[in-house]
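Open the model in your viewer and keep the selection tool at hand. This tour tells you what to pick next and what you will find there.

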Amino acid sequence: MSTHPAVRVILEEHRAMSAMLRSICLLLGHHRRRGTLPDFGVLRAMLFYVDEFPERLHHAEESELLFPMLRARSAEAGAVLDLLDREHHQGEQAVRTLQRELLGFEMMADTAELQLRRDRFEQAMQRYIDFYLQHIELEEREVLPLAERVLTEADWASLDAAFRDNRDPLAGHAACDDDSYRNVFKKILWALPPPLGIGPPLPDSV
């Protein structure tokens with residue numbers, strides 16, 4: 001494990017996001033097999049989390065702080081960093097698609113289009129999960145080792161401070177000082193099975 005707090009935060013947030021995405025897949029599969037509808041409010045909260053923390057905060061800190069520092073210290077990973085920056089933008093667009101497909105699923109759940117809308121949302125969700133897991137695997141394989149090699153102590157001090165300021169609540173940290181996100185994350189944690197959440201365990205596997 002790295003001695004740098006910024007790297008530990010990045011890895012913790014990657015683990016939390018990966019676990020939540022896999023839990024969404026579990027929940028969707030659980031309801032599909034039983035012919036029941038998922039809790040749309042919980043799914044909306046989960047997508048809000050994805051949009052608010054990994055996409056807007058975590059990715060912004062990488063693209064606006066970590067990646068420019070790496071470009072300044074080394075030309076070694078320029079192509080990989082360019083790809084990851086593009087994927088950060090694509091991730092934001094993918095979340096918009098997920099939110100739209102979820103709304104269609106919810107609004108058409110009592111019509112003959114239920115199965116079509118369920119399929120569309122679940123397929124979009126699986127595409128996003130595959131995309132995101134590949135994205136973080138590339139960051140951890142290529143970018144973080146490079147950062148450990150080339151960044152200076154001053155670089156790390158700046159990164160550590162920035163990543164400490166915006167900690168992901170699903171990685172075990174307070175969402176913010178005024179508890180603005182308390183109800184959102186309570187809803188998510190009560191819906192997710194252990195170990196990420198405190199909801200009922202699901203017998204299914206991804």
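## The whole chain

The protein has six helices and zero strands. Helices (H or I, at least four residues) and strands (E, at least two) are DSSP runs, numbered from the N terminus. Along the sequence the pattern reads α-α-α-α-α-α. This is a predicted model: local features need pLDDT of at least 70, and side-chain atom pairs count only at pLDDT 80 or more, while totals for chains, interfaces and linings use all residues. Residues are numbered from 1 along each chain as its sequence is written, and side-chain values use heavy atoms, with hydrogens and water left out.

Colour by accessibility. Of the 206 residues of the protein, 48% count as buried. Buried means under 20% relative accessible area, exposed means over 50%, and partly exposed lies in between (1.4 Å probe, protein chains only).

## Stop 1: helix 1

Select residues 5-34, which form helix 1. The 30 residues of helix 1 should span 44 Å at 1.5 Å a residue, and the end C-alpha atoms are 43 Å apart, which agrees. The expected span is 1.5 Å times one less than the number of residues. Helix 1 is mostly covered, with 21 of its 30 residues buried.

Now pick Arg 15, found in helix 1. Is Arg 15 buried or partly exposed? Arg 15 is partly exposed, at a relative accessible area of 44%. The C-alpha atoms of Arg 15 and Leu 133 are separated by 9.9 Å, yet the two residues are 118 apart along the chain.

Go to the end of the helix. Gly 35 follows helix 1 and has a positive phi, near 70 degrees.

## Stop 2: helix 4 and its neighbours

Two packed helices are described by the angle between their axes and the distance between the axes. Select residues 114-150 for helix 4, and keep helix 1 in view. The axes of helix 1 and helix 4 come within 10 Å and cross at roughly 160 degrees. That makes helix 1 roughly antiparallel to helix 4. Axes are lines fitted to C-alpha atoms, for helices over the stretch in contact, and angles run from 0 to 180 degrees between N-to-C directions. Angles under 35 degrees count as roughly parallel, over 145 as roughly antiparallel, 65 to 115 as roughly perpendicular and the rest as oblique.

The crossing of helix 1 and helix 4 is left-handed. In a left-handed crossing the near helix is turned anticlockwise from the far one by less than a right angle; clockwise is right-handed. The contact of helix 1 with helix 4 has 16 nonpolar, five polar and nine charged residues. Ala, Val, Leu, Ile, Met, Phe, Trp, Tyr, Cys and Pro count as nonpolar, Asp, Glu, Lys and Arg as charged, and the others, Gly among them, as polar.

The axes of helix 3 and helix 4 come within 10 Å and cross at roughly 160 degrees. Helix 3 and helix 4 are therefore roughly antiparallel to each other. Helix 3 passes helix 4 in a left-handed crossing. Their contact holds 17 nonpolar, five polar and seven charged residues.

## Stop 3: salt bridges

Side chains of opposite charge can pair when their charged atoms come close. How many salt bridges does a search of the whole structure find? It finds 13 (a side-chain nitrogen of Lys or Arg within 4 Å of a carboxyl oxygen of Asp or Glu).

Show Arg 120 and Glu 101. Their closest N and O atoms are 3.1 Å apart, in a salt bridge. Arg 120 is partly exposed, at 34%. Glu 101 counts as buried, at 11%.

Next, show Glu 137 and Arg 141. Their salt bridge has its closest N and O atoms 2.4 Å apart. Both sit in helix 4, four residues apart, which is about one helical turn. Arg 141 also meets Glu 142 in a salt bridge (3.2 Å, N to O).

Then select Arg 32, Asp 119 and Glu 122. A network of salt bridges links them.

## Last stop: helix 5

Select residues 153-165, the 13 residues of helix 5. The buried residues here are Asp 155, Trp 156, Leu 159, Asp 160, Ala 162 and Phe 163.
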